[in-house]
Amino acid sequence: PVSRPTKVPRPLRRHRRQSGTARAQMGTSVVALRLSRALGSRPAASLAISATATVLLAVIALVAGNFSIAADNAGWYSRGTTLADRHVQLLRLFDWDWSDSEYSGCGPSISADCWAQEPRRLSEEKCKKTRSSDLTVIYRAKQSDADLLSPDLLRQVCELESEAIRVLRAGACQPPSSGCSAVRGGECLAPVSVVSLLRDSLGWELACADLAADPATVRLAEALGLVGYDYTADSPSTRTLAAVFPLVRDSALDFLLEVHHAGTLRLASANVDTAYGMWRRDDFRNAVTDEVLFSDMALVYGSLVVSLVCVLAYTRSLFLSVVGLLQVCFSFPLAFFCYSIVCRLDFFPFLNFLGLFVIMGIGVDDLFVVVDKWSQAARSLPPGSDVPTIAAVAGPDAALTMLLTSLTTAAAFFATAVVPVAPVRVFAIFMGFMVLADYLLCLTVTFSAVCLQHRWLQRAPSSRRARCLLSLLDFSRCSSRPPQEAAAPRARVLERLMSGPMHIAVHRGRFVLLALFFAALGLCVWQVANISPPSSTAVQLLPESHVVERYETWKQDFAEEDSSEMFVVWGLTPGDTGDHNNPELVTDLLADLDWDPSSREAQRWLLDFCNATASDPAAPRATDIGCPLRDMDDWLVDSAAAGQPRCGGASRLPVPPDAFHPCVEEYLSSEDRYSWYMGMRTYRGRLVALVASYKVVINFDSSYEQVRDTVDEWEGWMDTQNKGAPDGVRGGFFTSARVHWWDTNRSMLLGAYYSIGAALAVVFVVVLLATLNPLTTVYATVSVGTVLLLVIGTVLGMGWELGFLEGICFAILIGLSCDFVLHMAHAYTSADQPTRELKSRDALARMGPPVFAAAMTTLSTGLVMFGCTFVFFFQFGTILVLTMLYSILTSLFFFLPLTNAAGPTGRCCSLAPLSTKGRASGGADKEASTQQACAAEPEMGQIRQSL
């Protein structure tokens with residue numbers, strides 16, 4: 001028969017009366033005890049109510065929040081920073097479709113008949129036009145010193161191009177217009193390439209072996225951007241060539257994906273490799289990257305099966321394993337409820353789906369803590385103790401242990417929300433909610449399930465057949481003796497290992513372990529102190545061997561080395577009034593209310609600015625490529641020279657102030673000009689914005705320091721120029737897409753550093769409040785910092801750079817580095833032992849098994865991610881494995897050796913109220929009698945300890 005719930009005994013009541021201060025401190029634990037007893041008294045009803053409420057909230061969240069599986073992948077740029085506010089204003093000003101403005105030879109004004117203009121021959125201008133959606137094949141010599149224009153390699157290029165032509169088919173390739181060269185029996189327009197240009201001049205019937213590079217033809221191909229920039233007049237050789245195959249725009253992407261999946265474009269010869277993509281668009285790259293992403297996501301979520309197997313092996317219960325998995329899964333919609341319904345956040349990036357993988361490690365840790373606390377409580381109480389009594393012991397202890405780690409982890413994630421990159425910011429918010437939701441589910445659903453399982457096992461028949469049927473609840477029941485015949489439950493093998501050989505090794509080798517850790521820590525500190533900024537701000541999403549990544553890398557051979565465009569803007573105020581958490585909600589255009597360029601002084605200063613920026617030795621290194629007012633001045637001069645004076649007879653700038661704005665309108669309306677292209681924007685007859693452009697020596701793959709130096713040079717130059725500018729034109733600022741991307745990388749790195757500092761601060765505060773012992777707090781904070789330094793030092797030693805993707809990984813995993821050390825710190829402080837050796841042994845015995853099992857579970861799932869193609873997932877798995885490995889090693893072999901060697905005992909370094917200390921020391925007799933009473937009833941000693 002099952003015994004009735006046991007009331008709180010009188011020895012505990014007497015202890016409460018003895019210490020009023022202690023009673024005040026125990027108030028929260030008393031509430032937890034009562035709630036735990038309530039859950040243990042009616043576990044089935046508690047499980048049903050909590051599960052129903054969870055499902056109801058999940059349905060409300062998914063329906064009312066318009067949840068969809070298709071995750072958004074936009075917004076990977078900074079917002080709200082000074083450099084970001086400048087660039088979003090420029091983008092809002094122009095507001096054009098960038099994807100349709102990249103046609104070579106068509107100019108910035110894109111018309112429907114640009115491609116359809118009547119061509120003559122391939123070598124003539126109108127037959128050489130290429131479109132942004134065309135197929136581009138890049139040929140690259142395998143040896144760095146090889147020349148593709150040599151006869152043998154040119155023959156191989158020609159043969160590879162012939163193979164690529166055979167891949168084309170009618171309906172996908174662009175049909176030839178009258179007079180243009182064609183291939184495939186006249187079905188397709190001939191590609192624009194060195195080979196085609198040579199055949200066009202020498203004859204299409206010429207065999208590949210008979211082709212010879214003609215300098216004039218190669219220079220023509222170079223002008224079209226088909227020859228690598230290593231080709232010069234002094235060194236007429238190149239390692240890289242390109243061929244552009246005209247495709248029908250509407251079917252171009254589908255055709256490229258078809259041949260990519262079939263593998264028919266994976267061409268190579270003995271000395272030449274190839275890569276392919278779209279001429280000047282990222283549609284194909286994005287489509288292939290998304291395919292790899294979702295393919296790897298299946299592997300990532302498949303790794304959750306590994307977690308389930310590990311949980312099953314540790315809990316020895318299919319019932320608890322399924323409940324634990326549901327606990328983790330339902331934390332997702334509960335977090336989505338807070339995310340979407342409470343916080344009203346609409347943007348849901350793909351990064352949020354990784355939250356399930358991250359929360360698996362946290363949820364498994366919580367599940368193991370509950371199971372172990374229950375097992376320890378059952379062993380400490382007399383055999384046959386009822387479920388409410390065990391719940392009163394296990395519940396408060398487990399709740400407090402998980403509360404410390406959950407608060408710390410959630411706070412670390414919430415701190416990451418300072419990163420001004422929308423996907424990372426909303427992911428940090430979402431993860432913080434997931435951690436708190438998982439904690440609540442573990443206290444309600446999982447704890448109720450543990451209580452219910454114990455009751456079922458207590459009431460099970462004693463026959464072996466019945467016990468085997470109940471093996472779904474506890475595998476050991478099928479082979480062990482019936483509970484009525486068994487003695488008190490034995491400690492598990494892992495727990496005996498921790499309290500025996502492991503404790504002996506840690507205690508005897510504590511000084512050696514500390515020396516090794518301090519040496520490793522010093523090495524990592526030295527490596528982190530000498531960290532250099534990323535050598536490039538480019539982001540690699542796929543392995544270097546992937547054809548798409550090869551294409552993106554080789555494409556740089558056709559771009560002017562280290563060059564991009566810098567814009568100087570007047571008439572706008574930097575700012576971003578849009579929703580920084582939603583990339584779809586962009587800013588309004590913010591006008592500079594002081595902007596007025598109509599005065600003669602302002603016109604003259606703006607004219608001089610272009611020349612000074614391009615020629616002044618004190619100016620940043622730049623080449624002037626677009627100065628609107630200078631072009632307008634040239635137009636006035638040319639018109640006057642042609643006998644057609646403009647703007648009321650003005651021959652050049654400056655014009656009278658009252659004639660300036662009408663003159664700008666007349667200039668823009670002449671010769672079919674476009675204000676957004678000319679760098680001028682007018683509104684209601686007034687010039688409201690002016691944009692000058694310069695070529696600068698930075699690019700997306702420029703080093704972090706190079707872009708930083710360029711930004712500093714332009715900041716200093718613009719400050720100097722604005723201070724000397726006349727009234728009305730003092731608000732100019734510079735911006736660039738490259739600078740904006742550099743600002744995004746910088747924000748990610750600074751956000752990662754801030755998150756690390758915030759995590760350590762939260763650890764310090766939480767541990768101090770929980771233990772009231774500064775020495776233990778310092779040990780725990782140093783241990784968490786050790787984990788972070790070891791992880792960063794290791795990845796730096798592996799050759800990694802702390803770039804964009806690495807910053808995301810660290811922002812995700814900072815919270816995971818705190819849990820294990822906090823568990824050990826709490827277990828050491830709560831251990832009721834007289835010496836530091838015994839306190840460390842008790843902490844290792846009680847928290848070592850769940851911490852070790854949780855680390856191995858999360859580490860094994862991280863190993864599965866090594867099979868991913870997506871670079872981010874591979875890096876995420878690497879950092880996850882390292883974090884789990886160093887967390888368990890630090891908690892067992894650094895924190896515990898510290899407590900073994902110099903851990904606080906008794907009230908050493910304690911901040912507990914002195915009244916409690918005085919009462920404890922003055923009422924020794926009463927305390928001794930309480931101890932004797934608790935010894936007579938062993939379960940009360942455990943209850944008192946948990947409180």
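Guide: Quick ground rule before we start: two strands pair if DSSP finds at least two bridges between them, and strands (E, at least two residues) and helices (H or I, at least four) are DSSP runs numbered from the N terminus. This is a predicted model, where local features need pLDDT of at least 70, side-chain atom pairs count only at pLDDT 80 or more, and totals for chains, interfaces and linings use all residues. Residues are numbered from 1 along each chain as its sequence is written, and side-chain values use heavy atoms, leaving out hydrogens and water.

Visitor: How many bridges join strand 1 to strand 5?

Guide: Look at strand 1, residues 135–141. It runs antiparallel to strand 5, and Val137 stands opposite Tyr276 there. The bridges joining the two strands number seven.

Visitor: Which residue in the turn between strand 8 and strand 9 has a positive phi?

Guide: Strand 8 (residues 680–683) and strand 9 (residues 686–696) pair antiparallel over four bridges, and Met680 has Leu690 as its bridge partner. They form a hairpin with two residues between them. The one with a positive phi, about 55°, is Arg684.
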